[in-house]
Amino acid sequence: MTATPNADTPTEQKNQTRPKTKAGKARTGKTRTGEPATLAAAHAHAHSHPRPLSYSRTTATAARVLRQLGHDPRTIALLILIPCVMLFLLRYVFDGSPRVFDSIGASLLGIFPLITMFLVTSIATLRERTSGTLERLLSMPLGKGDLIAGYALAFGTLAIIQSALATGLAVWFLDLDVTGSPWLLLIVALLDALLGTALGLFVSAFAASEYQAVQFMPAVIFPQLLLCGLFTPRPDMHPALEAVSDVLPMSYAVDGMNEVLLHTDMTADFVRDIAIVAGCALLVLTLGAATLRRRTT
């Protein structure tokens, strides 16, 4: 007997069981990067529809960061003790010229917290990304704004402790002579520490390793340190450098400290200076949320 034309061969029957559409394959397959298609779709949806800030997600992130820092005593020592140690050394470097310490001690009271918070925050955030923690967190109901705000809240808590200890040490133990209220010094020191946190979060998005994160310090911090008016009054600089210093936030941090050093009451210039520092910190935090990446390439 001969086979009829309509009879299905085994090969044809096998082909009939295969899915005809590409859509079914896409639902269970992977993207070109090896990421599951469903997870990629979730990431794309989150990117196109940014999640609003959530108090619960932000505080949960801050609590997680603080718990991690609690297991790292060296980082805690760097954040809390180093500014105090530097002020202590500076006081006795100028032991024979106490007026020199009075003139620059207030400025450095704001600069030291900014530098230490910048270093620790940039490295800690980069470590989250290189370890894959950041990618896992952002695949959950956690937006970039929640993450950045949580980090700012956690490090801001440490900044309050750091600034309070450094201010108390400088004023009550190292006899820093200030005309204004020490509480105003504390406000400026705290805002400077928050600015350092914001800058650290921002630059961490552009570093591929912890070594590169440290390399950003000469590019971001040192120019501000030279042009902030610590070494010479800004009006005495070359006009081009003075114009550059006018747009650097550290300049206004130093100006705010000098206002407390010279005036008994809160002045309009002091309010302007701290408003600029706070505004810069908020702007940099916003930029940090916009440029935050899930992973390091």
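The lining of the largest pocket is made up of nine nonpolar, two polar and five charged residues (nonpolar means Ala, Val, Leu, Ile, Met, Phe, Trp, Tyr, Cys or Pro; charged means Asp, Glu, Lys or Arg; the others, Gly among them, are polar). The model is a predicted one, so local features need pLDDT of at least 70 and side-chain atom pairs count only at pLDDT 80 or more, while totals for chains, interfaces and linings use all residues. Residues are numbered from 1 along each chain as its sequence is written, and side-chain values use heavy atoms, with hydrogens and water left out.

Helices here are DSSP runs of H or I with at least four residues, numbered from the N terminus. H7 (98-130) is one of the helices that give the lining at least two residues, along with H4 (55-70), H5 (73-80) and H9 (144-173). The largest share, six residues, comes from H7.

Now for a residue in helix H9: Gln-162. Is Gln-162 buried or exposed? Gln-162 is buried, with a relative accessible area of 0% (buried is under 20%, exposed over 50% and partly exposed in between, using a 1.4 Å probe and protein chains only). The side chain of Gln-162 makes a polar contact of 2.9 Å with that of Thr-116 (a pair of N or O atoms within 3.5 Å; within protein, one must be able to donate a hydrogen and the other to accept it, and residues adjacent in sequence count only if both atoms are side-chain atoms).

Helix H10 (residues 182-203) is mostly covered, as 16 of its 22 residues are buried.
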